[in-house]
Each structure stands twice: as C-alpha cells, then as structure tokens.
Amino acid sequence: MTTDQLLRQTLLRLDGLGYKAYKDIQGSYEFPGFALHIDYVQGDPFAAPSRLRVVMPQSQAGFPAETWQSRSREIALRDYLTRQFGRVAAAVREKRGSGNSGLIAIAPTSQYILERSALWVTEASVEARFSVGLPARGRQILGRTAAELLCDDLPLIVGRSLLYASLNPSELQRHLEVAEDADWLRDQLARRGLVAFVPDGALLPRQSGIDDRPLKESSAVQFRSPDSLRVEFDRPNQGPIAGMGIPQGVTLIVGGGYHGKSTLLRAIALGVYNVIPGDGREHLVTDAAAVKIRAEDGRSITGVDISPFINHLPQGRSTTSFTTENASGSTSQAASIVEALEAGARVLLVDEDTSATNFMIRDRRMQALVAKEREPITPFIDKIRQLYQDYDVSTILVMGGSGDYFDVADTVIAMTDYQPQDVTEQARAIATQFATHRAAEGGDQFGSLSARVPLPKRLDSPEKRWEKSWHGGRGRGGNRPTEDDRPERSPKLKARDVDELVFGAETVDLSAVEQLVEVGQVRLIGAAIAHIQQHSLDGRRPLPELLRQIAPQLATAQIDRLTPYPQGDLVTIRPLELAAAFNRLRSLSLKEK
Ligand code: ADP
Ligand code: MG
C-alpha cells in the first residue's frame with residue numbers, strides 16, 4: 001500500500017490532464033490513522049461520482065464495546081456515524097469545478113434509524129463508504145484541488161466523525177438508548193397482547209405531506225392515551241413509559257374529518273421503524289410485521305387467490321388465480337391483502353382515505369337492491385373478524401364513514417381534536433340500539449391461503465422488449481428468446497426515489513408501498529430481486545420460501561453478498577416490502593396450480 005503523500009504527488013502530477021487519467025489513483029492508501037480505498041473512479045465529471053471507503057482500526061476509532069455490542073446499538077451507532085459523517089462533509093464541502101466536482105457525500109438519512117451499507121462497525125474497525133466528485137474544470141483534472149479534497153478535507157471529516165473521542169458522548173448515548181429501548185418495546189408488544197403502542201406525549205403530525213420532520217411543537221397537540229387503554233412499560237435504558245396500547249384483534253379508529261385519524265394510522269404504520277431522538281414518535285412502536293394496505297387501481301396482479309373477497313367475475317374470470325395488468329380499486333386491495341398474508345403479515349393497517357368503498361362496505365339497502373349473486377365482492381367487513389379468528393391477523397382500520405363496522409370491532413378509538421378516546425362501550429351500545437340488519441356475506445371461514453410458485457423466467461421481460469423491437473421494425477433480427485430463457489447477467493437496476501424501481505426493461509411503481517422511507521431501500525429491493533432471479537428461482541420454491549432464504553441477507557453484514565461489489569447506498573428492508581415489489585413486477589409468471 002502506498003501513502004497519502006504518494007496520493008498527493010500523483011494528484012499534483014495529474015493536474016491539467018484529461019479526466020480519464022484520474023483512473024491512475026484507483027487503489028489503497030495508508031493515511032495517518034486510517035486506510036483510504038479508492039474503489040471506483042468516475043469516467044467524467046458529470047457521471048456518477050467515484051466510490052471510496054475509509055477503514056479505521058478500532059485501536060484508532062476507540063468505540064467502547066457497549067456502543068455496538070447489542071444488535072440494536074450497533075445499528076443505532078452506525079446510523080449516528082452516518083449522520084455525523086454527512087453533517088461534517090456538508091459543512092466542509094464546497095463546489096470545486098464542473099459537474100459534481102468537490103462533492104463528498106455519504107448515503108442520505110431520514111427520520112428513521114436504519115441499517116445502511118454506508119457505515120460498518122465491528123470489533124476490528126469502522127468503515128465508511130461514500131462518494132466523491134473528483135474535481136475538474138471542463139474535462140481537465142484539477143489536481144491541486146483534488147489533493148486538497150482527498151488529502152486535507154477528507155482526513156478532517158474522518159477525524160470529526162469516526163473517532164469516538166471527537167463525538168458528543170451524551171448525544172450518541174441518547175441515540176443508542178432510544179433505539180435499544182424501541183426495539184425492546186416492540187418485542188414486548190405480543191407478550192402484552194398488543195399490536196401497537198403510542199406513548200403519552202408523542203408528537204404525531206409531520207411538517208407536511210412531503211416533509212417527514214415533526215410539526216412545530218407550538219402548533220401540535222401531544223398524544224394522550226385514554227385511561228382505559230393506558231399501559232406501562234419499564235424500558236431497560238430510559239425507565240417507565242406510559243401510553244395507549246392497541247390490543248390484538250379488530251380496532252377501529254373513528255372520528256370527524258380532519259381530527260387526526262390518518263395521522264395516527266400513518267404513525268402506527270411507520271412504528272415498524274425506530275426514529276431518531278427529537279422526532280416526536282420515539283417509542284411509538286408497532287408489530288414488526290404490520291403492513292399498510294391500500295387500493296391501487298392500475299397495478300398488475302399475478303395469480304393471486306382473491307376468492308376470499310371476490311368471486312364470480314364477469315366472463316367467468318378466475319379469482320382463485322387472478323391475473324390482470326390493470327386492477328380495479330377493489331381487486332387491487334383484495335390482492336394486496338392476500339399477498340401480504342402470503343409474505344407473513346401479522347397486522348393489517350387500512351385507511352378509508354385510500355380504500356375502495358365497495359371493498360370496505362355493502363350496506364343493507366345495497367344488499368336489497370343488488371343481490372349477492374350479482375356482486376362479486378365480499379366486503380372487508382365480512383372478512384375482518386375471520387382474518388383474526390382463523391389466522392390470528394389483527395387489523396387497525398380508520399373508518400369515519402360507516403358505523404356498520406361497530407359490529408365487528410373489539411376496540412373503537414375516537415379521535416377528537418387530535419386526542420383519542422376509548423368509545424368501545426358506546427359503539428357497542430349503538431350497534432345494539434341501531435341494528436344494521438345486514439346479512440353477513442362472508443361465510444364461516446376466511447378461506448384458504450396458498451403460496452404461489454414463481455417460474456424461473458427473466459423478470460425484466462426480455463420477451464416484451466424483444467417484441468417491441470420485433471414489431472417496431474428496428475429489431476436486430478435473430479432468435480427470439482425461448483420461454484425458459486435462464487437469466488445470466490444482472491438486469492439494469494435503478495432506484496428513482498422511494499416510489500419507483502427500474503428493473504431491466506420494467507418500471508415498478510412502488511408509490512402504494514407506503515412503508516418504504518429511503519431510496520436506498522428501493523435499491524436493496526432491486527438487488528434482492530436480481531439475486532433471487534439469478535440464484536433461487538427454480539420453479540419449485542414458493543414465494544414465502546424465497547423470502548425466508550433471502551431474509552438474513554437483507555438485514556446483516558451479508559447485504560454485500562447481494563451486489564457485485566460493496567455498495568454504500570443500500571438500506572435495509574423487511575421481506576414484506578421485498579414481496580410487495582416482487583408482486584408488482586409485470587413480468588412475474590407463476591407455475592400453474
Ligand atoms: P383525518 O384523517 O381525521 O381526516 P388527518 O390525520 O389527515 O385527519 O389530520 C388532519 C390535519 O391535522 C393534518 O394536516 C395533520 O397534520 C393535522 N394534525 C394531525 N394530528 C395533529 C396533532 N396532534 N396536532 C396538530 N395537528 C395535527
Ligand atoms: Mg383521513
């Protein structure tokens with residue numbers, strides 16, 4: 001390995017040369033206290049930036065074992081250091097030439113404490129992966145500026161962000177404790193018969209629909225649990241905490257429009273993640289297998305058994321293996337529920353705002369006008385209890401629009417002026433007083449759930465691409481791929497923000513997968529689907545087994561095995577989100593039942 005001095009000399013020598021000459025600096029350098037690895041050098045100043053890593057031995061970094069020894073703390077420490085590196089880099093950085101010249105950046109972070117491939121801490125070392133825009137004027141190397149960037153600024157950033165001694169110890173401690181306590185609380189839920197916990201004093205509203213930071217304290221109403229639902233926990237680090245426990249079973253959130261129902265449900269949906277201190281939702285925790293469900297007309301559905309909800313479609317279309325390129329609101333919602341169950345969901349979160357009305361309700365008058373035989377849909381109201389009784393899957397449902405659901409709820413929470421009340425008894429009394437006289441349409445049982453088996457076909461639909469060029473007349477000619485064209489090379493992958501994945505020839509719309517919070521998660525989904533396609537699609541293994549096999553690699557140091565080289569821009573996901581994306585691939589094909 002050569003030294004930082006040699007790197008400086010090389011950069012000065014490259015000054016004024018064409019940009020391609022930067023390739024010379026690829027390699028490893030010994031800096032005082034850490035090693036710098038220049039893994040990939042960009043081809044020109046406007047291309048994706050260069051990829052670098054810093055590896056600092058623990059003898060130098062000095063993180064005490066208690067900061068990383070539990071899994072919760074390790075993830076929180078890595079999250080904290082990523083933020084610190086990002087903050088310091090942003091403060092030091094200045095634009096130094098054309099394109100992304102002068103950029104030093106680590107993966108962007110959000111309100112959530114997540115495991116990211118940008119930063120690693122082990123007993124032996126601390127490793128940061130980041131990108132650098134190597135400076136140029138036009139396409140000419142600015143060697144002196146590059147030397148300042150890599151040999152002066154970088155050691156400064158590293159020194160201020162990766163050394164334990166240079167950090168704020170109490171702030172770091174808080175970060176670790178908040179995360180560890182949140183994980184502990186989430187683990188306690190099932191033991192207490194709960195699916196979610198919302199602490200007293202929590203601040204749920206966000207600044208805006210596109211800004212996930214907390215609403216300013218002066219205008220936000222703090223959450224306060226009704227006494228009847230209040231539970232207490234004694235956290236390992238931060239001691240006693242009280243708040244509202246949402247029991248297993250069927251829970252309704254009712255209340256007037258604009259009184260905070262959806263805000264509460266959204267906070268619960270994101271309670272599968274830990275948040276950073278100061279977020280306002282610290283220690284609001286939800287069952288780790290809770291899935292937000294919504295209607296999504298237009299999505300594609302492949303071979304899903306939606307027969308618990310939908311039967312006798314026009315033209316005799318099968319609903320035990322339902323396939324469409326263009327789902328309706330109700331079929332999309334039915335399919336999303338069945339898919340979530342297949343992928344292991346334990347709790348469903350449903351909001352009337354984003355549901356198909358005919359999927360949710362069918363009242364007595366409509367039953368009288370349109371006979372059951374002419375209505376393919378069995379509404380959710382007739383299935384929601386069976387889901388709990390037969391499969392132990394709970395539901396939290398925001399429903400301000402129909403009191404018919406009082407009949408099927410275990411718990412009813414009313415939001416009034418952003419505050420919850422327990423109105424379960426009242427709702428029961430009302431249900432008795434004003435009987436709906438609806439006929440239950442759901443039968444005795446929810447219905448069977450069966451796992452689907454994906455076929456080993458390229459998922460990025462080469463057939464479709466081929467067909468395009470074939471029929472478009474611009475084709476290269478030659479043979480069309482066969483049905484069982486086994487994949488060899490990786491498909492093109494690109495994550496466009498949190499709601500779109502480009503996978504080969506296909507663009508997958510993930511905007512309805514509401515529990516994705518960072519673009520790095522979409523990137524990991526792409527890498528994971530490519531990995532499944534290349535290594536485990538064999539036409540025999542059902543989807544849940546494919547998910548089980550890959551699960552360990554989604555959330556540990558094994559993340560690196562999913563990509564051809566170590567990437568710093570991946571963020572952990574649950575198998576549930578992977579399944580959601582997989583199910584939305586238009587090129588998915590299944591073994592016939
Ligand atoms: P609903 O679903 O009951 O119609 P929302 O949850 O959409 O109502 O909330 C309506 C508005 O009130 C939103 O702009 C939201 O940010 C705001 N809001 C929600 N909860 C609070 C709160 N606790 N304090 C202040 N504003 C809130
Ligand atoms: Mg709402």
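Two strands count as paired when DSSP finds at least two bridges between them. Keep that in mind as you look at these close-ups of a predicted model.

**View 1. Strand β3 pairs with β4.** Five bridges link β3 (residues 34-40) to strand β4 (residues 50-57), and the two run antiparallel. Look for L36, which faces V54 in β4. Is β3 mostly covered or mostly open? Strand β3 is mostly covered, with five of its seven residues buried.

**View 2. The hairpin of β2 and β3.** Here β3 meets strand β2 (residues 27-31), again through five bridges and in an antiparallel arrangement. You can find Y29 by its bridge partner in β3, L36. Two residues lie between the strands of this hairpin, and G33 takes a positive phi near 95°.

View 3. Strands of a sheet pair through backbone hydrogen bonds, either parallel or antiparallel. This open sheet has the order β26-β27-β28, with antiparallel pairing.

**View 4. Strands β26 and β27 with a helix across them.** Four bridges hold β26 alongside β27 (residues 500-503), and these strands are antiparallel. To get your bearings, find R496, which stands opposite E500 in β27. Helix α13 (residues 519-535) lies across β26 and β27, and runs at about 30° to β27.

Methods:
Residues are numbered from 1 along each chain as its sequence is written. Chains are lettered from A and ligands numbered from 1 in the order in which they are written. This is a predicted model: local features need pLDDT of at least 70, side-chain atom pairs count only at pLDDT 80 or more; totals for chains, interfaces and linings use all residues. Side-chain values use heavy atoms; hydrogens and water are left out. Contact means heavy atoms within 4.5 Å. Axes are lines fitted to C-alpha atoms, for helices over the stretch in contact, and angles run from 0 to 180 degrees between N-to-C directions. Buried means under 20% relative accessible area, exposed over 50%, partly exposed in between (1.4 Å probe, protein chains only).
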